[in-house]
Amino acid sequence: MKMKRPAWAGRNYTLLTAAAVVTGLGSSGALIAAAFAVLAAGGTATDVGLVAAARTIPLVIFLLVGGAIADRLPRHRVMVAANALNAVSQGAFALLVLTGEPRLWQMALLSALGGTGQAFFAPAAEGMVLASVSGEHSGRAFAFFRMGMNGANIGGAALGGALIAAVGPGWVLAIDAAAFALAGLLRAFLDVRGVPPREPGHGLIADLRDGWREVVSRPWLWAIVLQFAVVNAVVAAAEAVYGPLVAQDHLGGPGPWGLALAAFGAGTVCGALLMTRYKPRYLLRVGALCVFPLALPSAALAVPVSAGALTGVMFGAGIAVEVFAVTWMMALHQEIPEEKFSRVSSYDWLGSLAMVPLATALAGPVQDLVGRTTALWGCSALVALLTAAVLCVRDVRWLRRPTETVPAASPAGAADAADEAPAEAPGRGASAEAPAQAPSAEAPGQVPVTGLPAPTAPDDVTPR
């Protein structure tokens, strides 16, 4: 007798999860390698920040275009093309480091190509993972997806730090290039026969205007996007620029820093495991409270604490940010229509990343002006103050998880669901102080994960 597969573990879900694990293994180590490649070439803190900013600038510029395109073209094809561009750019970066003395402008240019690929990948990816599972299991499926991806980040960061110390950053960048190529191959085998044809749009500008209306009509959405425009920027500056410098000066080099990043990944796995069981009624209230611990890593680097203490702080921050990630995903999953999801997520990503290039580029000059310790304490204070401010928004405190479900189809997972029970999707969320809205049968999409620094996020995570 054929065993019935879980509703959240069909073919497309399995392929997407495997691809995320592969890129997590490669990218988490490559993120450390890029910083140390710049330092090994004689770069300064400012140079590290400039290379990080070079990746983010095209990401910001092309995100809205990427979101509109992803709502028009088959999303899996956009994802595969973006993975191919990332593989080529990282491969060239690795070759440059391994065969000579890379120049700053060359590293910045290749980082910019990687950011361009990410700009098209990210909005397209938002409509895939959760569209491959039934709505009833979406929260659990997303948590398991995050567990696999974050588990890969643990091994990738720890292994990457060790490999950089042993053989140098070039080989770690080469591994990341191979990981992108393999991930693109896996995504090329997605079964999209059940995806209905896209309706013709009314033009790029009209599509972007429609997405903007969806964002500004929801106070909880634009408030958190504005919050993370600053939070992601200061966290990126702390972890992409100051972190490697503190590690080099006080912790013993890339090994301990890689271990600390691995501890963050371990925390996210534990947080995802927690969220397979914990289903808070007030999604964003719980999620916003869990943003406060993001202030702790910057404070720990400012002291600076020992490598062991920093590892513990990063572990706790990982647990907290993963709780936020899942609650944020569920809120977007409930509230945003699937056919507009990529456009809305592109604004979400744009808000989250808009200030990151400026923050990473200015991290070095700010350190020269006020000192590294003062800059890190400033990062910590901004995270805490903005999180407190966003909790003053009524819809953030009262948006709740619905308790009723209705039958729904899962377009991207239709082929997987042939031998499964009918899917159910949660209705749209409602304020605790207002009547519940009518349930929605629209298929959910994967959502970005707020709270992770842009320059340190692999292609399936990113800051939100």
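Is Arg213 buried, exposed or partly exposed, and at what relative accessibility? I looked this up first, keeping in mind that I'm working from a predicted model. Arg213 comes out partly exposed, at 47% relative accessibility.

**Arg213 and its partner.** I checked what the Arg213 side chain pairs with and found a salt bridge to Asp210, with the closest N and O atoms 3.5 Å apart. Both residues sit in helix H7 (residues 204-216), and because they are three residues apart there, about one helical turn separates them. Asp210 is the buried end of the pair, at 17% relative accessibility; the cut-off for buried is under 20%.

**Other salt bridges.** I get a count of four salt bridges for the model. One of them joins Asp249 and Arg372, at 3.1 Å from N to O. That pair ties together distant parts of the chain: Asp249 belongs to helix H8 and Arg372 to helix H15 (residues 372-390), 123 residues apart. I noted Asp249 as partly exposed, with a relative accessible area of 46%. Another salt bridge has Arg394 meeting Asp395, at 3.2 Å from N to O. Arg394 is partly exposed too, with 35% relative accessibility.

**Helix H8.** H8 spans residues 219-251 and bends by about 45° at Tyr242. I looked for a proline and found Pro244, which follows within four residues of the bend. H8 is mostly covered, with 26 of its 33 residues buried. After the helix comes Gly252, and I noted its positive phi, near 110°.

Conventions: Residues numbered from 1 in each chain as written. Predicted model: local features only at pLDDT ≥ 70, side-chain atom pairs only at ≥ 80, totals over all residues. Heavy atoms only, no water. Bend = angle between axes of the 7 residues up to and from the residue. Helix = DSSP H or I, 4+ residues; strand = E, 2+ residues; numbered from the N terminus. Buried < 20%, exposed > 50% of the residue type's maximum accessible area, 1.4 Å probe, protein only.
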